[in-house]
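Reader: Hello! I would like to know what stands behind the terms used for this model. Could you take me through them?

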Amino acid sequence: MFGFLKYTEGAIPGKATKKKKTEDEKKEKSKLYETNRPARKLNKKWQENRPWLKFENDTMTCSVCLDYYINTNKPGSSGLQRVRGQNTFITGCTNRKISAVLDHEISNAHEKAILSMHSKTVTNEEKITSNAGKALLSLKHAEREKLRILFVNTHAIIKNNRPLRDFPWLCKLDILKGLDLGDTYQNEKAALDFMTAIGQASSDKTVKLINSTNFFAFMMDGSTDISGDEQEVLYVRTSVDGKVVEQYLGIGSPKSTCSLDLKEFAVNMFDSCGLDKGKLVAMGSDGASNMVGRRSGLVTLLRQEVNDEIINVHCFAHRLELAFRDVLKKEKKYDKLMTLLIGLYYFYMKSYKSKKGLLDTMKALNVDGILPAKVTGTRWLPHLTRAIICLIRNFPAYEAHLCSLSHTNPKAEGLVKIMLSKDVVCFVLFLKEALKPLQKLSLQLQKPESTLADSIHWVEATIELTHECKMIMRDSDEVKAVLDSGTYKSIKLRGNTPTMSYVNPLIDGFIEAMKTRFELNESEATVMNATKILHLKNWPKIESESDLKG
């Protein structure tokens with residue numbers, strides 16, 4: 001093997017291999033370097049592409065971490081103290097090495113602060129178009145749709161006067177239809193929460209509307225609930241862009257129905273809803289003494305405490321009812337008629353057997369009838385008109401069915417005796433014609449958008465129409481048939497032929513009662529005069545005969 005070796009001129013020996021230094025040697029070398037090196041300085045090149053890196057007083061700080069951890073953590077909190085101990089770029093880093101910057105740049109604390117900063121600066125459009133934003137919107141849309149269906153179910157139950165115990169099975173019905181309602185908020189307690197939220201939203205909307213207008217009026221009336229407690233309800237009225245707006249405000253139980261307690265109840269209601277009482281200009285009521293009394297009525301107390309120019313408006317629909325009662329309160333035929341109508345309602349509507357018998361009789365006689373209408377309770381004129389029309393349509397069926405029961409049923413015998421009286425039948429036909437203009441007026445006066453000026457014009461027109469009832473009754477073929485033949489719808493009537501002498505006095509009485517009841521008080525007259533002045537100011541100027549014709 002050595003035979004292949006030979007001398008080569010200029011050859012030099014190879015370099016010896018380096019020995020690996022031990023850890024102690026490395027530390028000693030580093031220590032020696034740190035001792036002999038010049039003082040370290042912060043390099044401004046480190047700040048390139050790092051806008052968060054700040055040099056202050058020969059220390060390095062991170063503006064992003066400072067803003068995030070100082071602003072999002074309360075002073076003295078454990079989270080802030082822990083980050084301060086781990087992240088020297090918050091208190092000021094004195095390590096002037098690039099490695100310190102690089103280590104901080106990839107730290108979890110710094111990355112969390114950077115994400116927070118980006119979330120604040122990103123636009124809503126960027127959030128929505130991001131994958132996370134799309135996923136969140138999809139999730140929220142699904143949850144919103146579930147809640148929408150639950151709110152709709154609750155609203156339907158409220159509007160149809162159904163109990164809240166119907167809510168669970170209504171939700172089950174939606175699930176059977178294939179709708180996704182989730183697994184929660186499907187009990188009566190949840191329905192109560194939904195109902196409260198709906199009511200609060202409606203109340204907030206009403207309050208916002210009223211506070212945005214220059215004035216408002218309120219109407220107040222009361223009744224007792226099933227437990228016997230007094231319940232007072234308040235409605236507010238105002239004008240928006242020239243249109244009358246009427247909204248429900250609230251309901252509650254006052255201490256009593258005396259004017260002082262009603263005033264306290266109304267004022268507390270306004271304050272709790274946040275209404276400006278200085279905008280209150282009028283009050284409407286049913287005309288009871290505790291509401292409109294001149295000395296201590298509710299309107300008088302409100303004038304003393306809230307606004308001394310509050311206008312008192314006696315409900316025109318109640319005035320019409322009072323005018324009607326003023327004329328007929330001593331008329332015996334009217335008492336007989338009311339006894340008959342009330343008796344028919346309770347006889348048929350409180351007994352299934354009687355109602356079934358009446359329906360079978362209608363079918364057998366081919367009578368296109370309707371079930372008896374209730375005239376008690378509010379006793380509005382449209383209710384009385386509906387009951388009279390029901391009596392006329394069902395007359396043959398009533399007679400046939402009640403006569404068949406009269407042999408064994410004293411109530412049926414008494415009802416058919418009143419119904420077949422000539423006096424009562426003629427009075428029914430008279431009231432049917434007399435109530436036509438009156439019940440139309442009542443419906444007009446009950447419209448939410450009606451105004452004082454409109455109501456006065458409707459009353460004046462109704463008075464003119466009531467005058468015509470005299471001629472209508474004189475020329476009525478139905479009345480003539482009853483008086484001449486003694487029958488009505490081919491049914492023999494009983495009793496003496498009536499003279500119908502009450503027609504003209506009652507019609508004149510209706511007219512005089514309406515004139516008396518609808519006489520405007522001082523404040524109402526002021527409003528009417530102001531309305532006429534505004535109307536004249538807005539009337540076009542007439543300069544020629546052609547303008548007058550136009």
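Author: The elements themselves are DSSP runs numbered from the N terminus: helices are H or I over at least four residues, and strands are E over at least two. This is a predicted model, in which local features need pLDDT of at least 70 and side-chain atom pairs count only at pLDDT 80 or more, while totals for chains, interfaces and linings use all residues. Residues are numbered from 1 along each chain as its sequence is written, and side-chain values use heavy atoms, with hydrogens and water left out.

Reader: How do you know that β6 and β7 pair, and in which sense?

Author: DSSP needs at least two bridges for a pair, and β6 and β7 have four, in the parallel sense.

Reader: What makes β3 a partner of both β4 and β6?

Author: The bridge counts pass the threshold on both sides. β3 (residues 216-224) runs parallel to β6 (residues 280-285), joined by four bridges, and Phe 218 stands opposite Met 283 there. With β4 (residues 230-240) the sense is antiparallel, over eight bridges, and Met 220 faces Leu 234. The hairpin of β3 and β4 has five residues between its strands, and Gly 228 takes a positive phi near 95° in it.

Reader: Why are β5 and β7 said to stand at the edges?

Author: The order of this open, five-stranded sheet is β5-β4-β3-β6-β7, with mixed pairing. β5 (243-252) and β7 (311-314) each have a single partner strand, so one side of each has no neighbour in the sheet. Direction ignored, neighbouring strands are turned by 25° against each other on average. For β5 that partner is β4: the two pair in the antiparallel sense over nine bridges, with Tyr 235 opposite Tyr 248 of β5.

Reader: What makes you say that helix α11 packs on the sheet?

Author: Contact means heavy atoms within 4.5 Å, and α11 (residues 259-273) touches β3, β4, β5 and β6. Its direction makes about 110° with that of β5. Such angles run from 0 to 180 degrees between N-to-C directions, with axes fitted to C-alpha atoms, for helices over the stretch in contact.

Reader: How do you know that the length of helix α16 is close to what is expected?

Author: The expected span is 1.5 Å times one less than the number of residues. For the 14 residues of α16 (residues 352-365) that gives 20 Å, and the helix reaches 20 Å from its first C-alpha to its last. Helix α21 (residues 452-467) agrees as well: its 16 residues should span 22 Å, and its end C-alpha atoms are 23 Å apart.

Reader: Which residues of α16 are called buried, and why are they said to line one face?

Author: Buried means under 20% relative accessible area, exposed over 50%, and partly exposed in between, with a 1.4 Å probe and protein chains only. Ser 354, Gly 357, Leu 358, Thr 361 and Met 362 are buried in α16. Seen down the axis, they fall within an arc of 140°, so they line one face; the arc is that of the directions from the helix axis to the C-beta atoms. An α-helix has 3.6 residues a turn, so residues three or four places apart point the same way. The buried residues pack against α15 (332-349) and α18 (395-405), whereas Tyr 352, Lys 353, Lys 363 and Ala 364, on the other side, are exposed.

Reader: Why is Asp 326 called partly exposed?

Author: Its relative accessibility is 30%, which puts Asp 326 in the partly exposed class. Asp 326 lies in helix α14 (residues 316-328).

Reader: What makes a nonpolar core, and which residues touch the most other members of the largest one?

Author: A nonpolar core is a set of buried Ala, Val, Leu, Ile, Met, Phe, Trp, Tyr and Cys residues joined through side-chain atoms within 4.5 Å. The largest has 71 residues, of which Phe 324, Phe 430 and Leu 431 touch the most other members. Helix α20 (residues 422-445) gives the most to this core, with 13 residues. Another core lies apart, with 23 residues, including Leu 234 and Val 267.
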